[in-house]
Amino acid sequence: LDGAGERLYDQAEHQQRLQALFPGLDDRFCLPFRYPPVVAMVLAPLAALPYAGSYASFLLLSALAWAVAVLLATRDLTLAQGPWRKTMLWAFTGWPLVWETFIGGQASTFAALILAGTVALLRRERFALAGAILALAAYKPNVLMLAALGLLLRYPKLLRGAIPGTGL
């Protein structure tokens with residue numbers, strides 16, 4: 001937000017800013033930025049808000065992403081149909097990792113939405129659009145890119161949307 005994009009991956013800069021935000025934090029605690037630069041651009045507006053407002057906005061967006069991902073997944077998963085539907089909904093809702101994600105402010109619910117959206121579009125044979133959605137997985141390469149690679153190997157038609165989508 002302050003225009004210091006060239007220092008986005010400067011660990012010393014991160015440590016200095018982290019200590020300024022949380023002066024009582026142990027100097028050895030490290031919180032590096034490990035996302036592509038486009039993630040910083042997308043999240044920059046949240047930096048203009050007070051911390052509580054930023055956290056609340058991100059939490060609401062995360063919860064919305066998770067709700068849509070669960071709806072997509074339970075609509076398409078065979079196990080989530082019939083008598084198991086309520087069990088699956090409760091399992092998705094009460095999954096401890098989801099709550100840790102919400103509390104910790106992680107972006108994994110967006111990864112779940114990307115994957116659920118891709119699978120839902122694949123089931124409808126909308127390969128180019130599924131590929132474009134899958135390209136959004138590049139925001140979290142340490143987790144989603146393995147899933148993306150597997151889907152691209154299985155459905156090469158995804159490349160029609162994935163290649164232009166990665167240019168974003």
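Author: Gladly! Let us start with contact, which means heavy atoms within 4.5 Å. Residues 24 or more positions apart account for 56% of the contacts with a separation of 6 or more in the protein chain. This is a predicted model, where local features need pLDDT of at least 70, side-chain atom pairs count only at pLDDT 80 or more, and totals for chains, interfaces and linings use all residues. Residues are numbered from 1 along each chain as its sequence is written, and side-chain values use heavy atoms, with hydrogens and water left out.

Reader: How do you know what confidence the predictor has in the protein chain?

Author: We use pLDDT, the predictor's confidence in each residue, from 0 to 100. Its mean over the protein chain is 81, and 86% of the residues reach 70 or more. Where pLDDT is low, the predicted coordinates should not be read in detail.

Reader: What makes a stretch count as a helix or a strand?

Author: Both are DSSP runs, numbered from the N terminus: helices are H or I with at least four residues, strands E with at least two. By that rule the protein chain has nine helices and zero strands.

Reader: Why is Thr118 called buried?

Author: Buried means under 20% relative accessible area, exposed over 50%, and partly exposed in between (1.4 Å probe, protein chains only). Thr118 has 0% relative accessibility, so Thr118 counts as buried. Thr118 sits in helix α6 (residues 108–123). Leaving aside neighbours within four places in sequence, Thr118 is in contact with Ala130, Ile133, Leu134 and Leu151.

Reader: Why is α6 called roughly antiparallel to α7?

Author: Axes are lines fitted to C-alpha atoms, for helices over the stretch in contact, and angles run from 0 to 180 degrees between N-to-C directions. The axes of α6 and α7 cross at roughly 170 degrees and come within 8 Å. Angles over 145 degrees count as roughly antiparallel, under 35 as roughly parallel, 65 to 115 as roughly perpendicular and the rest as oblique, so α6 is roughly antiparallel to α7.

Reader: What makes the buried residues of α7 lie on the same side?

Author: In helix α7 (residues 127–135), Phe127, Ala130, Gly131, Leu134 and Ala135 are buried. They cover an arc of only 140 degrees around the axis, which puts them on the same side of α7. The arc is that of the directions from the helix axis to the C-beta atoms.
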